[in-house]
Amino acid sequence: MIRKGTSDDIHAIMGITSACATHMIKNHIYQWNASYPNKEAFEKDASRGELYVMEVDAKVIGCITLSDLMDAVYLPVSWRTPNKNNLYIHRLAVHPEHQGKGHAQKLMDFAKTLAIKNNYSSIRLDTFSQNPKNLIFYELRGYKRLEEIFFPNQSHHPFYCYELVL
């Protein structure tokens with residue numbers, strides 16, 4: 001089940017993202033760290049009504065943020081559609097114990113359904129260039145890789161921007 005996330009879900013989400021960060025580091029993927037993702041980002045997501053959580057057996061096992069607000073870091077990117085009426089995906093996470101079972105796919109399908117229902121022209125996101133599974137995950141769903149952006153507090157490696165035109 002996927003539902004709107006609330007501030008009551010943030011403790012569980014922080015446990016999920018911490019477990020994901022640990023799992024990625026074990027696999028030499030230094031995408032998330034102590035500064036990101038953080039509690040404040042999820043609190044803001046929840047307050048804006050942009051946070052969604054996935055539950056299995058009444059336990060939160062994943063999350064995704066769906067926003068129509070464009071972060072400033074995306075301004076220089078040559079997107080495939082105009083910078084209006086776009087949906088942005090942030091902070092997609094599924095607890096490592098539940099990965100490989102199609103839950104991330106369901107969260108992405110949920111995002112696409114919401115975007116189509118609300119007449120967005122595209123879905124945009126970024127993902128870490130050093131996370132090969134993520135790159136394949138998005139490309140298999142029809143997302144096109146565009147330009148690189150950098151988050152210096154996270155890594156000296158770039159993040160790739162992706163867009164799916166609807």
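Author: A residue is called buried when its relative accessible area is under 20%, and exposed when that area is over 50%. The values below are computed from a predicted model.

Reader: Why is arginine 91 called buried?

Author: Its relative accessible area is 14%. The cut-off is under 20%, so arginine 91 counts as buried. Arginine 91 sits in strand β4.

Reader: What makes the backbone of arginine 91 worth a remark?

Author: Arginine 91 has a positive phi of about 55 degrees, and it is not a glycine. Most residues other than glycine have a negative phi.

Reader: Where is aspartate 57, and is this residue buried or exposed?

Author: Aspartate 57 is in the loop between β2 and β3. Its relative accessible area is 77%; exposed requires over 50%, so aspartate 57 is exposed. Aspartate 57 also has a positive phi, of about 50 degrees, without being a glycine. The hairpin of β2 and β3 has two residues between its strands.

Reader: How do you know that β2 and β3 are paired?

Author: Six bridges join β2 to β3. Pairing needs at least two bridges, so the two strands count as paired. They run antiparallel. One of the bridges has tyrosine 52 as the partner of isoleucine 64 in β3.

Reader: What pairs with β3 through five bridges?

Author: The partner is β4, again antiparallel. Serine 67 has tyrosine 88, in β4, as its bridge partner.

Reader: Why is β3 called largely enclosed?

Author: Eight of the nine residues of β3 are buried, so the rest of the structure largely encloses this strand.

Reader: How many residues of strand β7 are buried?

Author: Six of the seven residues of β7, which spans residues 159-165, are buried, and the strand is mostly covered.

Reader: What makes β5 and β6 partners of β7?

Author: Seven bridges join β5 (residues 122-128) to β7, and four join β6 (residues 144-149) to β7. Two bridges are enough for a pair, so β5 and β6 both pair with β7. The β5 and β7 strands run antiparallel, as do β6 and β7. Threonine 127 is opposite tyrosine 160 of β7, while arginine 145 has tyrosine 162 of β7 as its bridge partner.

Reader: Which residues of helix α2 are buried, and how do you know whether they line one face?

Author: The buried residues of α2 (residues 39-47) are Ala41, Phe42, Asp45 and Ala46. Viewed along the helix axis, they fall within an arc of 135 degrees, so they line one face of α2. Glu40 and Ser47 are exposed on the face turned away from the buried side. The cover over the buried residues includes α1 (10-26), β2 (51-56), β3 (59-67) and β4 (86-94).

Reader: What caps the N-terminal end of α2?

Author: Asparagine 38 does, with a side-chain oxygen 3.2 Å from the backbone nitrogen of glutamate 40. The limit for a polar contact is 3.5 Å, so a separation of 3.2 Å is inside it. Just after α2, glycine 49 has a positive phi of about 75 degrees.

Reader: Which residues have the most contacts inside the largest nonpolar core?

Author: They are Ile64, Ile89, Met108, Tyr138 and Tyr143, in a core of 24 residues. Elements giving two or more residues to this core are β2, β3, β4, α3 (103-117), β5, α4 (132-140) and β7. The largest share, five residues, comes from α3. Another core, of 23 residues, lies apart from this one and has Ile10, Ile13, Ala21 and Phe42 among its members.

Reader: What is isoleucine 89 in contact with, leaving aside neighbours within four places in sequence?

Author: The contacts of isoleucine 89 include Ile64, Met108, Ala111, Leu125 and Tyr143.

Reader: Why is histidine 156 called exposed?

Author: Its relative accessibility is 67%, and the cut-off is over 50%, so histidine 156 counts as exposed. Histidine 156 is in the loop between β6 and β7. A polar contact of 3.5 Å joins its side chain to that of histidine 157.

Definitions and conventions. Residues numbered from 1 in each chain as written. Predicted model: local features only at pLDDT ≥ 70, side-chain atom pairs only at ≥ 80, totals over all residues. Heavy atoms only, no water. Buried < 20%, exposed > 50% of the residue type's maximum accessible area, 1.4 Å probe, protein only. Arc of directions from axis to C-beta. Contact = heavy atoms within 4.5 Å. Polar contact = N/O pair within 3.5 Å; in protein donor to acceptor, adjacent residues only side chain to side chain. Core = buried A, V, L, I, M, F, W, Y, C linked by side-chain atoms within 4.5 Å.
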